[in-house]
Amino acid sequence: MDALEETEEDEQRVEEKLGGLAVSDDLQDVETKVPVEQDCLPKHSVDMSQLPSSYKTNSPKEKQLLHIADNFLRQYIHLCPNRKPLFLHPVNECGVEKFVSTTVRPTLLPYTELYDWDGCASFVSDYLVMEPLECPITLPSSLYSPTTTLKHQRGNCFDFSVLLCSMLIGAGYDAYCVQGYATLETCTLDETQELCPLLRKPPEEAGKPKCEPLHGLRVHAWVLVLSGKREVPETFFINPFTGNRHNTTDKRFLGIESVWNHRNYWVNMQDCRHGCKDLIFDLGDAVHWEIMLSESNPLQLLPEEEEELFDSDTEREKRMSFDVPPSWVAPIRIPPRQFETRYCQGKKVTLYNKAKLKKWAPYLNGNGLVQRLTIYAGPDYTDVVEVREWFENREDILVRREVNKQTQLTTDYFSKGHSFCLKAHTYTLLEPKTGHTMEFYNEARVDGLQKRVETASEMTEYFMGRDDFLYLRHVDFGKQGDETQRIDMNSKPIRQIKECFHRNPEKPADEDVAECIFLITEEYIHLTYHLKDKYITASKKLFHKLPERASKEHEVFMTPDTCITYQAGSFEKGKSLFHLYNLLKDLTAKEKRVKEQVRQSEAEVLTILKIRQTEEADIKLSVSIYNRDRNEERRRHHEAMESTVKDELLGQKKQDLDYLAPFLIQNGCRDKLNQKQALCVRDDCLTDFKHHLTYKINLIQARLEKAVEELQKRHLWFQENKNQLNTKEKNDYLSSCSESMFHINVLEQRLNREKQMAPQKYLALEDKLCMDPRIAEHLGYI
């Protein structure tokens with residue numbers, strides 16, 4: 001740890017420079033600091049009267065642990081006099097020293113978003129407001145409980161890390177808090193040189209970091225997740241300020257002093273002059289990691305002749321066989337409303353390289369806006385290039401909007417369920433004749449329409465999965481003054497319609513139409529067929545429609561000049577006039593149908609625009625029927641039902657079944673009980689209830705053992721077959737293991753709860769029986 005050491009002269013030089021750095025550190029990321037609301041109190045404002053006694057005192061076992069930690073610290077200082085101090089037992093919010101491992105409280109919160117590491121990390125980084133350390137190169141003097149951190153919704157890097165580590169361990173990860181050193185940008189949550197994760201490609205490469213006089217000295221805390229549990233394939237870091245995952249070789253992290261979880265504490269004995277890239281994270285390796293509490297094979301931290309000065313045989317045995325006491329922290333709980341609100345004051349702003357990201361809680365904005373990414377041309381955040389917005393809970397199912405400030409084009413994206421199966425809509429204005437590009441969920445449309453591009457002079461439609469193999473239709477419109485092809489005043493005159501078709505393998509190539517063009521104003525129909533194998537030209541036909549004869553049958557003149565045919569690779573005479581006549585007749589009917597379809601497409605565009613104008617003029621947000629806080633109608637209905645049920649229960653109170661009835665019948669009791677009968681009824685009732693509690697615990701235990709056995713079998717099968725599995729099968733295996741771990745955790749919690757509550761339930765029934773008038777009179781209670 002030579003790179004992490006400094007002399008007294010270096011410390012004095014650093015302290016002199018800190019005064020000049022304080023202002024710049026505060027101003028470098030102004031917009032990431034959200035104004036503090038009333039609930040976000042300063043760290044020193046803690047109401048200790050509301051805290052449990054475990055926060056204010058130490059149990060005998062905790063005092064013993066503190067004694068062991070002090071002894072361990074003396075040995076560490078003696079062996080490593082030039083190393084920085086260890087973060088072992090800072091004071092908590094009540095001024096009481098607590099060992100850091102007991103501040104970690106493993107917790108699995110009841111939200112599906114928090115069952116995976118990325119959901120936990122994202123929540124912590126969003127929910128808490130970052131507070132920098134009082135001195136960037138020294139450890140904090142205190143470490144608050146995760147419950148207080150959540151209540152005040154703010155904290156430093158150590159508070160962030162302890163909360164995140166508690167959630168990750170509760171979710172089944174092998175996670176640890178890390179005391180170490182990091183870069184200026186990492187310690188101060190300065191992401192102005194980082195590319196926003198929502199941007200696929202940066203406009204330019206990020207600039208080089210500025211020279212940093214405290215490089216390698218800035219204290220930081222983050223989370224280490226080891227591989228193994230929850231099928232984590234590779235060890236990685238999590239920066240709790242951002243919630244981002246980093247490789248252990250990332251240059252942001254410059255060194256590690258120690259790591260800890262809820263069970264133990266490890267000191268890093270490896271050289272960090274080159275950062276963390278060469279560190280070995282096998283915590284069982286006694287050469288690279290010194291463990292504080294161990295049950296076997298302890299590494300002697302000091303030479304034997306010197307160890308006697310600090311650690312007697314009795315003390316050493318205590319340290320090596322001591323178990324960390326349970327966490328003193330109260331259960332971590334996050335109410336649903338606070339979990340939904342997420343950010344302090346319901347919003348958060350983060351600056352990135354030439355980008356600004358704003359986030360809001362759902363329902364905070366009337367238009368359903370929950371996130372906005374603004375992209376700028378330069379680092380001064382003034383010239384806007386593009387704006388991207390994300391929405392939730394909108395009745396028009398709009399989920400995203402992109403606005404290009406240079407082209408003035410707006411693109412709206414919709415989830416599935418729109419009345420016209422609309423997927424995306426690009427426009428400048430929600431007005432006709434301004435140009436529109438609409439994309440659709442083609443699998444939900446009967447016509448298979450995937451995309452429609454319309455301008456004032458043309459319209460192009462793209463199709464997928466049609467039985468007639470049509471994949472494109474292009475329409476050219478005439479000028480507004482051309483009245484020859486207009487049906488009504490609102491429609492545009494059609495000059496030409498072109499349709500393109502994929503190859504139909506059931507037809508010969510020279511009979512399978514590839515392109516059909518209806519030249520409506522010129523009265524021509526042009527057919528181009530698919531290429532035959534080994535040919536470079538395709539067969540073609542050009543029909544010139546002639547006026548019909550004024551006869552009873554309305555026959556059509558059909559002469560050799562009416563149709564011009566080119567048959568690729570054949571010198572034989574073309575099709576007969578009768579065949580060409582029937583083909584022209586079919587094409588004429590088809591032209592009429594296609595024109596009607598074009599008019600329907602025009603009408604659909606106008607209808608969609610009208611609907612979108614109405615939706616944007618009156619934006620409405622949808623509320624789940626299960627959300628009683630926001631669904632007023634649902635809340636009133638639920639309250640009315642509760643009132644009705646309460647009245648019914650009051651009316652049936654006298655008719656409730658007697659809980660002693662089965663035992664009265666069993667003992668042949670009808671009228672008043674004598675003392676012997678009363679005691680028999682009481683004992684039978686308690687025995688039956690005890691059997692019921694035992695059966696319930698055994699049932700949960702059996703289910704837990706079965707779930708663990710199935711998971712072990714699945715893991716063994718994977719180890720035997722992993723080299724033969726494809727990516728999908730591996731992902732399915734990981735997903736099933738995650739679900740099994742969650743199921744096992746739930747069963748474990750239920751089993752522990754039942755074991756804890758069983759004696760209380762038994763005593764409660766015993767008290768109830770003693771107060772029952774039929775039994776109490778024989779026991780001397782009344």
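In strand E16, Thr 426 is the bridge partner of Thr 411. On its other side of the pairing list, Thr 426 stands opposite Thr 437 in E17. Helices (H or I, at least four residues) and strands (E, at least two) are DSSP runs, numbered from the N terminus. This is a predicted model, in which local features need pLDDT of at least 70 and side-chain atom pairs count only at pLDDT 80 or more, while totals for chains, interfaces and linings use all residues. Residues are numbered from 1 along each chain as its sequence is written, and side-chain values use heavy atoms, with hydrogens and water left out.

Two strands count as paired if DSSP finds at least two bridges between them.

Next comes helix H6, which covers residues 157–170. Its 14 residues reach 20 Å from the first C-alpha to the last, close to the expected 20 Å; that expected span is 1.5 Å times one less than the number of residues. At the start of H6, Asn 156 brings a side-chain oxygen to within 2.9 Å of the backbone nitrogen of Phe 158. This is a polar contact, that is, a pair of N or O atoms within 3.5 Å; within protein, one must be able to donate a hydrogen and the other to accept it, and residues adjacent in sequence count only if both atoms are side-chain atoms. After the helix comes Gly 172, with a positive phi near 100°.

Leaving aside residues up to four places away in sequence, Leu 168 touches Trp 117, Cys 120, Tyr 173, Ala 175, Val 223, Val 225 and Ile 238, where contact means heavy atoms within 4.5 Å.

Finally, the charges. The model holds 42 salt bridges, each a side-chain nitrogen of Lys or Arg within 4 Å of a carboxyl oxygen of Asp or Glu. One of them joins Asp 396 and Arg 394 at 2.7 Å, N to O, and both residues are buried. Glu 604 meets Arg 452 in another, at 2.9 Å, N to O. This pair links distant parts of the chain, with Glu 604 in helix H11 and Arg 452 in strand E18, 152 residues apart. Glu 604 has a relative accessible area of 16%, so Glu 604 is buried. Arg 452 counts as buried because its relative accessibility is 3%. Through shared partners, salt bridges join Arg 445, Asp 447, Arg 452, Glu 461, Arg 473, Glu 499, Lys 590 and Glu 604 into one network.

Note on methods:
Buried < 20%, exposed > 50% of the residue type's maximum accessible area, 1.4 Å probe, protein only.
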